[in-house]
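Morning, everyone. Please have a look at the structure on the screen, and I'll walk you through it.

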Amino acid sequence: MLKPLLRFKYKLVIKQHRAGIVRADAVNYFPKGINPAGDAIIDELKAGTIYKRLALRGFPFDNIRYQPFYKNDKFTILNFTRFFFRDTHRIDNKRNDIMIAGIADFIRSNKVSTDSLQIVFIEKGVDVADAKKMCDELGISEFIKWKKQMTVSELNALIAGSDVAFDQLGNQWLGYGIVAMSLGRPVIANGRPEVFDPLTGEKSPVCNATTAKEVSDWLSLLYHNENKKIEIGKHQAHTYKNTMDLDKTH
């Protein structure tokens with residue numbers, strides 16, 4: 001019985017939102033190319049007008065500083081993105097399936113044992129059950145420690161204790177991976193270089209990957225080369241330290 005009322009209210013909100021965009025002198029949205037459908041709506045509503053297109057996103061960096069790597073007994077892989085990979089039509093698809101397949105290939109190719117590797121996954125997202133099933137099928141479940149959702153402080157401590165972290169591998173853009181990079185942990189993700197490199201005027205420091213093979217290759221490099229792991233981590237931390245300093249100035 002409420003559906004007609006909710007539909008009417010939803011349409012009203014959308015109408016008001018569109019009218020607000022038409023009146024606005026500036027629009028704060030994802031960088032162009034991240035969500036083409038959204039870009040098309042903005043282009044339609046702002047056609048023939050002069051306005052400022054912004055792409056401001058941020059995380060609290062006040063207590064985020066580079067931390068040297070811990071002396072872990074095991075190489076530690078961390079994924080903090082929610083498990084959402086079945087709905088391929090959604091722009092916020094994380095493509096965790098690529099990550100899982102890449103990790104499995106890395107373990108198989110390098111003959112890695114549970115004595116030297118652990119994987120930390122967080123039980124978050126609508127596809128957790130499917131992710132666990134995929135891990136079972138690929139034979140990597142014995143490496144994985146599943147953790148419940150936690151506070152930001154607890155998550156940051158978990159990141160600091162890892163050797164490499166994953167952000168999204170789909171067509172979205174980096175989220176909390178920026179914090180992991182600021183702590184100095186190499187982040188494997190689809191950094192969308194085709195969008196961000198022209199925007200920033202420099203090559204992204206992300207360990208860019210969009211396929212299972214690229215994930216496996218990055219993990220192999222970081223696993224076998226301690227110096228390279230530290231070098232990449234410091235480079236990523238330096239890149240985002242500059243961003244933090246600018247945020248404090250402006």
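When I say two residues touch, or are in contact, I mean that they have heavy atoms within 4.5 Å. Keep in mind that this is a predicted model.

Take isoleucine 140. Leaving out residues up to four places away in sequence, isoleucine 140 touches Ile100, Ile103, Ala104, Ile107 and Cys135. Ile140 also belongs to the largest nonpolar core, which has 32 residues. Ile140 is among those with the most contacts inside that core, along with Ile77, Ile103, Ile107, Phe166, Ile188 and Leu219. Who supplies this core? β3, α3, β4, α4, β6 and α8 each give at least two residues. Helix α3 gives the most, with 7 residues. There is also a second, separate core of 19 residues, including Val120 and Tyr176.

Next, helix α5, residues 152-160. Leu155, Asn156, Ile159 and Ala160 are buried there. Down the helix axis, these buried residues fall within an arc of 140°, so they line one face of α5. They pack against β3, β4 and α6.

Last stop: arginine 185. Where is arginine 185 placed? In the loop between α6 and β7. Arginine 185 is in contact with Ile159 and Ala160, among others, leaving aside neighbours within four places in sequence. Arginine 185 is buried, yet has no salt bridge. The nearest side chain of opposite charge is aspartate 163, 6.7 Å away. A salt bridge here needs the atoms within 4 Å. What does the side chain of arginine 185 reach at 3.1 Å? The backbone oxygen of proline 68.

Key
Residues numbered from 1 in each chain as written. Predicted model: local features only at pLDDT ≥ 70, side-chain atom pairs only at ≥ 80, totals over all residues. Heavy atoms only, no water. Helix = DSSP H or I, 4+ residues; strand = E, 2+ residues; numbered from the N terminus. Buried < 20%, exposed > 50% of the residue type's maximum accessible area, 1.4 Å probe, protein only. Lys, Arg positive; Asp, Glu negative; His and termini not counted. Polar contact = N/O pair within 3.5 Å; in protein donor to acceptor, adjacent residues only side chain to side chain. Arc of directions from axis to C-beta. Core = buried A, V, L, I, M, F, W, Y, C linked by side-chain atoms within 4.5 Å.
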